[in-house]
Protein chains: 2
Amino acid sequence: MSNRRKSSPPPTPELKRRGLLLVLSSPSGAGKTTLSRRLLARDPLFEMSVSVTTRKPRSGETEGVDYHFIDDKRFTEMVGRGELLEWAEVFGHRYGTPRAPVEAAVAAGRDMLFDIDWQGTQQLSQMMGEDLVRVFVLPPSAEELRRRLIGRAQDSAAVVAKRMVEAGTEISHWPEYDYVIVNATLEEADREIDAILAAERLRSRRRTGLTGFVRNLLKEL
Amino acid sequence: MSNRRKSSPPPTPELKRRGLLLVLSSPSGAGKTTLSRRLLARDPLFEMSVSVTTRKPRSGETEGVDYHFIDDKRFTEMVGRGELLEWAEVFGHRYGTPRAPVEAAVAAGRDMLFDIDWQGTQQLSQMMGEDLVRVFVLPPSAEELRRRLIGRAQDSAAVVAKRMVEAGTEISHWPEYDYVIVNATLEEADREIDAILAAERLRSRRRTGLTGFVRNLLKEL
């Protein structure tokens with residue numbers, strides 16, 4: 001045994017783990033979309049879940065990036081075959097999360113981000129259970145939420161008022177989430193999301209690679 | 001509304017939360033005692049749980065700091081009254097965790113650290129359930145564990161051999177813990193423990209102060 005080995009312990013082995021599914025929900029205007037974009041930009045382990053939808057592409061939207069655009073018949077077929085983890089109808093169009101890419105990602109140790117509301121989260125929870133990490137983002141105050149909604153130049157006063165009512169419904173579901181953060185500043189919210197992810201990646205049930213590691217450890221004792 | 005308010009959102013309100021109970025378990029020699037000492041030194045929210053024991057104080061040990069030293073009659077009485085969250089007998093002496101200070105700590109939003117083995121953890125899980133955050137500390141290799149045990153000058157070869165056998169039993173219980181970390185370097189293990197604590201303090205169910213905060217938020221929407 002050399003002195004070098006005594007003074008420098010071996011590095012932590014790179015261990016395979018099961019991926020996690022991060023759900024970020026919040027009322028419109030609480031900063032969820034900005035936080036999602038920042039997370040995807042800084043964390044290479046994450047990819048965004050791409051939904052299927054029956055609505056037509058808008059200008060600037062790309063098939064396979066923004067959505068998978070499918071027709072009503074195909075959507076109905078996917079629902080019937082259990083190929084969607086969650087789905088909803090909004091203004092006459094249907095939106096859903098395909099199961100196959102999500103299951104492939106977690107099995108390969110990749111993480112996926114979902115921008116869905118409390119109803120989608122409830123459906124996803126029933127299907128993916130312990131793979132989920134559910135984070136609710138609260139605005140720091142009602143005044144700040146109103147200010148952020150007004151700040152979006154595109155929305156009329158009527159739309160802002162409607163969004164405030166919807167915000168109340170969404171917010172009332174915060175206790176159904178695993179974690180809750182208050183988005184007072186983006187930097188603080190980023191740090192809190194990073195801590196949640198660092199911890200959740202250390203969860204025993206995700207660390208599938210440890211089974212073999214511990215088996216070898218026990219053999220060598 | 002002044003410009004100053006527009007450009008600087010209000011700070012996150014200081015919110016009361018329920019305290020958490022951190023259990024660090026590991027085989028002897030994996031660094032648990034060192035990691036505990038470092039955590040208590042850097043994190044002012046933590047205090048160590050002080051056990052009761054029926055053994056006599058050793059030189060240098062202080063009543064109320066290292067242990068509460070009690071007699072057999074009192075210990076039996078505490079067991080009978082359900083005043084201990086977990087207890088065990090080791091080499092003819094009994095050791096246990098008093099319930100009252102633990103319940104007072106979590107209710108007041110203070111966190112407590114427990115240095116207990118897998119059997120104590122199982123008992124504590126039944127009593128304190130969701131207040132617990134259970135972390136198992138693995139050594140990076142069997143060779144490194146042996147080296148650390150040999151490094152403790154006070155232990156004979158026979159004691160080291162016995163510890164290695166006990167280590168196997170302890171390690172086999174790692175899947176019962178919420179989190180598992182590999183203690184390759186103290187700095188990395190510290191960072192992982194800090195991430196786990198930062199995340200667990202953001203858990204919805206501990207953030208009791210948010211109930212009032214959200215009630216006010218909804219009123220003002």
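Me: Taking a residue as buried if 20 or more other C-beta atoms lie within 10 Å of its own, exposed if 12 or fewer, and partly exposed in between, with C-beta atoms placed from the backbone, is A:L217 buried or exposed?

Reply: A:L217 is buried, because 24 C-beta neighbours fall inside 10 Å. Please note that this is a predicted model, in which local features need pLDDT of at least 70 and side-chain atom pairs count only at pLDDT 80 or more, whereas totals for chains, interfaces and linings use all residues. Residues are numbered from 1 along each chain as its sequence is written, and chains are lettered from A and ligands numbered from 1 in the order in which they are written.

Me: Where does A:L217 lie?

Reply: A:L217 is part of helix α9 (residues 210-220) of chain A. Helices here are DSSP runs of H or I with at least four residues, strands are runs of E with at least two, and both are numbered from the N terminus.

Me: And which residues is A:L217 in contact with, leaving aside its neighbours within four places in sequence?

Reply: These are B:S141, B:A142 and B:I171. Two residues are in contact if their C-beta atoms, placed from the backbone, lie within 7 Å.

Me: How many residues of chain B are in contact with chain A overall?

Reply: There are 41 residues of chain B in contact with 42 residues of chain A. On the side of chain B that touches chain A, at least two residues each come from α6 (142-151), α7 (157-171), β9 (179-182), α8 and α9 (210-220). The largest share is that of α8(B), with six residues.

Me: What are the residues of that side of chain B, nonpolar, polar or charged?

Reply: They comprise 26 nonpolar, six polar and nine charged residues. In this scheme Ala, Val, Leu, Ile, Met, Phe, Trp, Tyr, Cys and Pro are nonpolar, Asp, Glu, Lys and Arg are charged, and the others, Gly among them, are polar.

Me: Changing topic: how many helices and strands are in chain A?

Reply: Chain A has nine helices and nine strands. Its C-alpha trace spans about 75 × 45 × 35 Å along the principal axes, and 34% of its 221 residues are buried. Among its contacts with a separation of 6 or more, 72% join residues 24 or more positions apart.

Me: How do α2 and α8 of chain A cross, roughly, in degrees?

Reply: The axes of α2 (residues 32-42) and α8 (residues 186-200) of chain A come within 11 Å and cross at roughly 60 degrees. Axes are lines fitted to C-alpha atoms, for helices over the stretch in contact, and angles run from 0 to 180 degrees between N-to-C directions. The two helices are therefore oblique to each other; under 35 degrees counts as roughly parallel, over 145 as roughly antiparallel, 65 to 115 as roughly perpendicular and the rest as oblique.

Me: Which residues meet there, in α2(A) and α8(A)?

Reply: A:T34, A:L35, A:R38 and A:L39 of α2(A) meet A:L186, A:A189, A:D190 and A:I193 of α8(A). By class, this contact has five nonpolar, one polar and two charged residues.

Me: What is the phi of A:F91?

Reply: It is near 50 degrees, a positive value in a residue other than glycine. Most residues other than glycine have a negative phi. A:F91 sits in the loop between β5 (84-90) and β6 (93-98) of chain A, and it counts as exposed because it has 5 C-beta neighbours inside 10 Å. In chain B, B:F91 likewise has a positive phi of about 50 degrees.

Me: Where does A:Q126 lie?

Reply: A:Q126 lies in helix α5 (residues 118-128) of chain A and is exposed, with 9 other C-beta atoms within 10 Å. Its C-alpha is separated by 9.4 Å from that of A:E86, 40 residues apart along the chain.
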